[in-house]
Amino acid sequence: MVSGDSNPSALGLYMAESLNKYGISYCHMVEPRMKTLAEKVECPESLVPMRKAFKGTFLVAGGYDRGDGNKALIEDRTDLVVYGRLFLANPDLPKRFELDAPLNKYIRETFYISDPVVGYTDYPLLETAA
């Protein structure tokens, strides 16, 4: 299903501003940055006006890697970056980012299955020399 709005920027800004009235602690936005599984595209609608309008903590997600996430933070486009798929495949993701270590590739076919062993718990941890 595809949905849209005639003015998504204005609607997003209105929604972000409206959340302030309710004392909401954080706003988690997902940018549609992925056109296909292999092709990364930037979101045509900037989240910066919403980030500036919202008074709480602003989180973004949407296919970020280490470099993209750092850039978003440095450019003050967000307070926090959410790494969903990368964290699933790399339970030690902060350590890997710190060391600029290689990442495990996630296996999309194992997402949201009921197998208690395959998928969420079987990705290898980073092995570092002692």
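**Briefing: strands, helices and a buried aspartate**

In this predicted model, valine 60 stands opposite valine 81 in strand E3. The protein has five helices and three strands, where helices (H or I, at least four residues) and strands (E, at least two) are DSSP runs numbered from the N terminus. Local features need pLDDT of at least 70 and side-chain atom pairs count only at pLDDT 80 or more, while totals for chains, interfaces and linings use all residues. Residues are numbered from 1 along each chain as its sequence is written, and side-chain values use heavy atoms, leaving out hydrogens and water.

**Overall arrangement**
- Along the sequence, the pattern reads α-β-α-β-α-β-α-α.
- Of the 130 residues, 29% count as buried, meaning under 20% relative accessible area with a 1.4 Å probe, protein chains only.

**Strand E2 and its partners**
- Strand E2 (residues 57–61) is mostly covered, with four of its five residues buried.
- Strand E1 (residues 26–30) pairs with E2 in the parallel sense over five bridges; pairing requires that DSSP finds at least two bridges between two strands.
- Valine 30 stands opposite alanine 61 in E2.
- E2 also pairs with strand E3 (residues 80–81), in the parallel sense over two bridges.
- A right-handed β-α-β unit is made by E2, helix H3 (residues 66–74) and E3; with the strands pointing away from the viewer, the path from the first strand over the helix to the second runs clockwise.

**Aspartate 92**
- Aspartate 92 lies in the loop between helix H4 (84–89) and helix H5 (93–99).
- Aspartate 92 counts as buried because its relative accessibility is 13%.
- Not counting residues up to four places away in sequence, aspartate 92 touches Leu125 and Leu126, a contact being heavy atoms within 4.5 Å.

Note on methods
Buried means under 20% relative accessible area, exposed over 50%, partly exposed in between (1.4 Å probe, protein chains only).
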